[in-house]
Amino acid sequence: MSKGDTPVVARTRHQLHELVADRAEGAKVGLVPTMGALHDGHASLMDEARRRVEDSGRVVVSIFVNPMQFAPGEDLDRYPRTFDADLALCAEHGVDVVFAPSVEEVYPGGEPQVTVEPGPVAAVLEGRVRPGHFRGVLTVVAKLFGLVRPDVAVFGQKDYQQLVLVRRMAADLCMGVEVVGAPTVREDGGLAMSSRNTYLDREQRIAALTLSSALRAAAENADQGPDHALAAARAVLRAAQGVDLDYLVVTGPDLGPAPERGEGRALIAARVGTTRLIDNLPLQLGAR
């Protein structure tokens with residue numbers, strides 16, 4: 001499909017199967033799972049999927065606000081839904097198929113009796129604050145992998161814990177999908193692009209820049225080891241106003257303990273007003 005052509009929309013499993021099956025022999029399928037409210041960060045995932053499957057392959061973008069990953073009291077009902085704009089962005093980036101099913105199509109008969117147990121990594125960070133969240137995430141991703149049968153699936157590094165868990169699921173359950181983590185796309189000033197940024201007013205948007213500033217401070221001091229990286233990030237946050245911190249940690253790349261030397265990750269979550277934001281950056285620890 002050429003850029004600018006409107007993708008074909010599949011609303012049912014049967015429609016999706018016919019569209020994905022109708023491709024050249026040997027052509028690959030790339031999947032970009034989303035909940036809609038698409039922005040330039042999602043567009044970068046579409047572009048990466050296209051690079052991976054080449055012109056002969058099919059790029060599928062799923063748009064589905066997954067109720068299983070929202071706890072009671074979270075923003076399921078007010079999560080932004082902008083389907084027409086989403087479809088236009090998919091067209092601009094050469095997406096072939098948009099899979100936009102109903103809840104009933106994804107979960108016929110209600111919440112499934114068999115779900116994906118996400119393991120111990122799901123109990124920390126986001127999982128500690130949002131119990132059950134990653135059970136819902138991995139269950140719907142497993143369903144999408146089964147429905148689309150992609151060769152490659154592209155996720156953003158902004159949701160880093162999600163990326164780690166999806167990779168682990170694909171490996172542990174022998175799903176035969178290459179899981180790619182694409183770099184975080186940022187707004188001017190450094191704020192990580194997120195569909196939830198639309199909730200922020202002008203003052204809150206300025207306050208939210210503290211998250212990326214703290215992460216950059218960690219990265220700039222990572223050569224002195226994880227303790228120095230964490231201290232530098234905390235110093236930035238102490239001077240901030242309007243930011244209610246949930247967590248700030250420095251870990252290894254698999255979210256285990258941070259090494260004194262080698263690759264690491266700084267991760268942060270905070271509320272700005274009523275909006276909860278997350279961000280992270282890679283670190284090179286102990287290089288000095």
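Which helix gives the largest share of the lining of the second largest pocket? To follow the answer in this predicted model, select helix 7, residues 160-172, which contributes five residues to that lining.

Next, show the pocket itself, whose volume is about 260 Å³. The pocket is lined by 14 residues, and those closest to its centre are Pro118, Leu165, Arg168, Met169 and Asp172. Colouring the lining by class will bring up nine nonpolar residues, one polar residue and four charged ones.

From there, move to Gln69, a position that UniProt, in an unreviewed entry, lists under "binding site". Gln69 sits in the loop that runs between strand 3 (58-63) and helix 3 (83-92), and its relative accessibility is 10%, which is why it counts as buried. If residues up to four places away in sequence are set aside, the contacts of Gln69 are Met35, Glu74, Arg130, His133, Gly136, Val137 and Val140.

Now select the aromatic rings, among which the whole structure holds two pairs. In one of them, Phe64 and Tyr107 are tilted, with 6.2 Å from centre to centre and 50 degrees between the planes. Phe64 belongs to the loop between strand 3 and helix 3, whereas Tyr107 belongs to the loop between helix 4 (103-106) and helix 5 (126-129), so the pair ties together parts that are 43 residues apart in sequence. Phe64 and Tyr107 are both buried.

Finally, select Phe70 and Tyr79, whose ring centres are 6.1 Å apart and whose planes meet at 75 degrees, so that this pair is edge-to-face. Phe70 and Tyr79 are likewise both buried.

Technical notes. Residues are numbered from 1 along each chain as its sequence is written. This is a predicted model: local features need pLDDT of at least 70, side-chain atom pairs count only at pLDDT 80 or more; totals for chains, interfaces and linings use all residues. Side-chain values use heavy atoms; hydrogens and water are left out. UniProt positions are given in the numbering used here, feature names are shortened, and annotations may be inferred rather than shown by experiment. Helices (H or I, at least four residues) and strands (E, at least two) are DSSP runs, numbered from the N terminus. Buried means under 20% relative accessible area, exposed over 50%, partly exposed in between (1.4 Å probe, protein chains only). Contact means heavy atoms within 4.5 Å. On a 1 Å grid over the protein atoms alone, a cavity is a set of points where a 1.4 Å probe fits but cannot get out, and a pocket is an open set with protein on both sides within 12 Å along at least five of seven lines; lining residues have an atom within 4 Å of a point. Grid points are joined across faces, edges and corners, and a volume is the space filled by probe spheres set on the points. Ala, Val, Leu, Ile, Met, Phe, Trp, Tyr, Cys and Pro count as nonpolar, Asp, Glu, Lys and Arg as charged, and the others, Gly among them, as polar. Rings of Phe, Tyr and Trp (its six-membered ring) pair if their centres lie within 6.5 Å; planes under 30 degrees apart count as stacked, over 60 as edge-to-face and the rest as tilted.
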